[in-house]
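Please keep the sequence and the view side by side as you read.

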Amino acid sequence: CNQCAEFHRQLGTHISKVRSTTLDHWTPEQIQFMAQRGNVRARKFWMASVPSDWQQPTHDSMSAFQRYINDKYAKMRFVDRPSPPPPSSSPASSSPLVAAVAVTTLPPTSATV
């Protein structure tokens, strides 16, 4: 939703990048990356250590949801390891977000863009 996209943008592009599938231009590299990695794989990384009794905030409380977005991506609260692996030398993988979802220890997925 637009509110969530706004929260992601507030984190800064060094942490989170928001792309609309209808409003933004996607480079061939971005399309290939998402086709290979996808949201399922990213979710497995960013939500790897969520406590079993934890409940994701709803949009009913936007301040709680904004804290959740910040905890999840900026503070990496639910990531299994303290930091993502180092990025490769390609420009498309120079951000922590790209490096985080590029880990090779996760099983392949058939998710598509």
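1. Let us start with a term: two residues are in contact when they have heavy atoms within 4.5 Å of each other. Residues 24 or more positions apart account for 64% of the contacts in the protein that have a separation of 6 or more. Please keep in mind that this is a predicted model.

2. Now the overall plan. The protein has five helices and zero strands, and reading along the sequence gives the pattern α-α-α-α-α. Of its 113 residues, 34% count as buried. The protein exposes about 7500 Å², and carbon and sulfur atoms supply 53% of that area.

3. Which residues have the most contacts inside the largest nonpolar core? They are Trp46, Phe65, Tyr68, Ile69 and Tyr73, in a core of 15 residues. Helix H1 (2-11), helix H3 (38-46) and helix H4 (62-74) each supply at least two residues of this core. H4 gives the most to it, with four residues. As general background, nonpolar side chains in soluble globular proteins tend to be buried together.

4. Just after H1, glycine 12 takes a positive phi of about 100°.

5. The aromatic residues deserve a point of their own. A pair of aromatic rings is described by the distance of the centres and the angle of the planes. By the rule used here, the count comes to six aromatic pairs. One of them joins tryptophan 54 and phenylalanine 78 in a tilted arrangement, 4.9 Å centre to centre with 55° between the planes. This pair links distant parts of the chain: tryptophan 54 is in the loop between H3 and H4, while phenylalanine 78 is in the loop between H4 and helix H5 (96-101), 24 residues apart. Are these two partners buried or exposed? Tryptophan 54 is partly exposed, at a relative accessible area of 22%, whereas phenylalanine 78 is buried, at 1%.

6. Phenylalanine 65 and tyrosine 68 make another tilted aromatic pair, 5.4 Å centre to centre and with 55° between the planes. Both residues lie in helix H4, three residues apart, which is about one turn of the helix. An α-helix has 3.6 residues a turn, so residues three or four places apart point the same way. Phenylalanine 65 is buried, with a relative accessible area of 5%, and tyrosine 68 is buried too, with 6%. Ring pairs link Trp54, Phe65, Tyr68 and Phe78 into a cluster.

7. Finally, the charged side chains. Side chains of opposite charge can pair when their charged atoms come close. How many salt bridges does the structure hold? It holds two. In one, the side chains of lysine 75 and aspartate 71 meet at 3.6 Å, N to O. In the other, the side chains of aspartate 71 and arginine 77 meet at 3.5 Å, N to O. Through these shared partners, Asp71, Lys75 and Arg77 are joined into one network.

8. Aspartate 71 counts as buried because its relative accessibility of 17% falls under the 20% cut-off. Lysine 75 is exposed, with a relative accessible area of 58%. Arginine 77 is partly exposed, with a relative accessible area of 46%.

Technical notes:
Residues numbered from 1 in each chain as written. Predicted model: local features only at pLDDT ≥ 70, side-chain atom pairs only at ≥ 80, totals over all residues. Heavy atoms only, no water. Core = buried A, V, L, I, M, F, W, Y, C linked by side-chain atoms within 4.5 Å. Buried < 20%, exposed > 50% of the residue type's maximum accessible area, 1.4 Å probe, protein only. Areas by Shrake-Rupley, 256 points an atom, 1.4 Å probe, with all protein chains shown as cover. Salt bridge = Lys/Arg side-chain N within 4 Å of Asp/Glu carboxyl O. Phe/Tyr/Trp six-rings, centres within 6.5 Å; stacked < 30°, edge-to-face > 60°.
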